[in-house]
Amino acid sequence: MWGSTRIPSKGYQVLYPFKRHCHCAPAHHFVVFCWLLIALIRDPGKGTLKGLQAYLSPTLKYWTTLRMIRSGQWEAAAVVDDMATAALRALPPPADGVLSLIGDSTLKDKRGRKHPLGHMTRHSEHDPYTFGFEMVLLIASWGRLHVPVALAPIDPEIKGHQHILCRQMRKDFVPPAWVQQVVVVADAGFAANATLHLITAIHSTYVFAMPRTQTLTNGTHLRALVHHLPKRGSSRRASYTPDGRRRASWVFTRRATLHHLGDVTIVLSKKRRHDGPKGVKIIVTNLTEASAGAILSMYAWRWGVEISQSYYGSREHLSLAAA
């Protein structure tokens with residue numbers, strides 16, 4: 001479709017610093033890597049390896065790219081880390097100096113049963129079970145910019161592996177010099193006490209959805225707050241998505257002390273005033289001065305990952321070589 005037989009000189013110069021991660025010079029792995037990256041940028045589809053063939057050189061065969069990816073002679077994690085660092089330094093910083101780190105897991109379904117990390121799972125209780133493997137994705141976001149900074153597969157044989165990966169990714173991430181505040185945003189599936197303690201220890205803030213099994217210091221479960229939510233104490237608040245759209249929610253806010261976590265702000269949010277307990281979202285944060293609308297706006301940044309999951313999760317061909 002493209003018909004080009006050579007890599008653009010400008011693209012080769014930009015990617016040349018990452019050549020040190022490709023260790024097989026006789027097989028020209030770095031050249032193949034450049035071709036694959038350019039094809040991923042140009043391909044509007046899911047980014048499958050066979051779908052990229054239309055944007056590669058006619059002399060570059062499918063089996064050549066497949067062998068390069070599966071060879072293990074290049075460091076995929078190091079490439080992602082270096083490219084993310086370079087992108088964060090080059091992009092214009094936000095005026096307030098706030099960087100959101102959004103973590104979530106994505107599911108890649110597989111037809112065969114031979115994948116070493118494959119298992120039966122589903123996205124939610126309303127989705128059917130499917131066979132596939134999951135990956136933890138960490139994205140740095142501000143404004144309308146989303147930069148993936150870490151990506152790793154989940155081993156189903158390791159208990160709590162997604163929490164381990166999330167904590168390791170946060171430890172390894174070095175924010176740019178312009179960052180004044182880091183806000184970690186994630187769903188209830190990542191709200192482990194050890195993760196929240198780590199975020200607090202490294203002087204970051206968090207906005208997490210919290211499971212209803214979490215308890216207060218007096219022994220009350222959060223599900224009790226949801227089932228006995230007073231309608232008189234709730235008010236309508238506006239929040240904003242990353243693309244600037246306005247959302248209105250009915251919000252009940254209170255300060256509380258959670259078991260093992262200490263003093264936090266709890267925000268109970270629902271779309272309609274008369275929604276039942278199942279429609280209530282529980283959000284917990286260690287921000288003390290932020291309003292309910294600001295907290296909901298921070299949590300709305302997580303939808304950037306939801307949109308990106310279909311893009312980054314389907315491009316595992318360049319990220320799973322080291323798995």
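Two strands are said to pair when DSSP finds at least two bridges between them. In this predicted model, strand β3 (residues 130-142) is joined by eight bridges to strand β4 (residues 145-153), and the two strands run antiparallel. Together β3 and β4 make a hairpin in which two residues stand between the strands, and Gly143, which is in the turn, has a positive phi of about 60°.

A second hairpin is made by β7 and β8, with five residues between the strands, and here Gly244 has a positive phi near 90°. Strand β7 (residues 235-240) is paired with β8 in the antiparallel sense, over six bridges, and Ser235 has Val251 of β8 standing opposite. As a general point for reading such strands, the side chains of a regular strand alternate between the two faces of the sheet.

Which residues other than glycine have a positive phi? One of them is His203, whose phi is near 60°, and another is His260, whose phi is near 75°. His203 belongs to the loop that lies between α6 and β6 (205-209), while His260 belongs to the loop between β8 (246-258) and β9 (262-270). His203 counts as exposed because its relative accessibility is 75%, and the cut-off for that class is over 50%.

## A cavity and its lining

Rolling a probe the size of a water molecule over the atoms shows where empty space is left. In this structure there is one cavity of 30 Å³ or more, and the volume of the largest cavity is about 80 Å³. Its lining is made up of Leu101, Gly103, Leu138, Cys166, Arg167, Arg170, Val184, Val185, Ala186, Thr195, Leu198 and Ile199. Two or more of these lining residues come from each of the elements β1 (98-109), α5 (161-172), β5 (181-186) and α6 (193-201).

How many residues of the lining are nonpolar, polar and charged? The lining of the largest cavity divides into eight nonpolar residues, two polar ones and two charged ones.

## Buried residues and their contacts

Leaving aside residues up to four places away in sequence, Leu287 touches Gln181, Thr205, Val207, Arg255, Thr265 and Met298. Leu287 and Tyr206 are 81 residues apart in sequence, yet their C-alpha atoms are 7.6 Å apart in space.

Thr121, which has its place in strand β2 (residues 119-121), also counts as buried because its relative accessibility is 13%. When residues up to four places away in sequence are not counted, Thr121 touches Leu107, Pro128, Tyr129, Thr130 and Glu134. Helix α8 is mostly covered, with seven of its nine residues buried; these buried residues of α8 are Ala292, Gly293, Ile295, Leu296, Ser297, Tyr299 and Ala300.

## Residues with more of their surface open

Pro116 is in the loop between β1 and β2, and Pro116 is exposed because its relative accessible area is 70%. From C-alpha to C-alpha, Pro116 and Pro156 are 9.7 Å apart in space, although 40 residues separate them in sequence.

The C-alpha atoms of His146 and Ser297 are separated by 16 Å, and the two residues are 151 residues apart along the chain.

The chain has a mean pLDDT of 82, and 91% of its residues reach 70 or more. Over residues 310-323, however, pLDDT stays under 50, and for this stretch the model has 41 contacts beyond four places in sequence. Where pLDDT is low, the predicted coordinates should not be read in detail.

Terms used. Residues are numbered from 1 along each chain as its sequence is written. Side-chain values use heavy atoms; hydrogens and water are left out. Helices (H or I, at least four residues) and strands (E, at least two) are DSSP runs, numbered from the N terminus. On a 1 Å grid over the protein atoms alone, a cavity is a set of points where a 1.4 Å probe fits but cannot get out, and a pocket is an open set with protein on both sides within 12 Å along at least five of seven lines; lining residues have an atom within 4 Å of a point. Grid points are joined across faces, edges and corners, and a volume is the space filled by probe spheres set on the points. Ala, Val, Leu, Ile, Met, Phe, Trp, Tyr, Cys and Pro count as nonpolar, Asp, Glu, Lys and Arg as charged, and the others, Gly among them, as polar. Buried means under 20% relative accessible area, exposed over 50%, partly exposed in between (1.4 Å probe, protein chains only). pLDDT is the predictor's confidence in each residue, from 0 to 100. Contact means heavy atoms within 4.5 Å.
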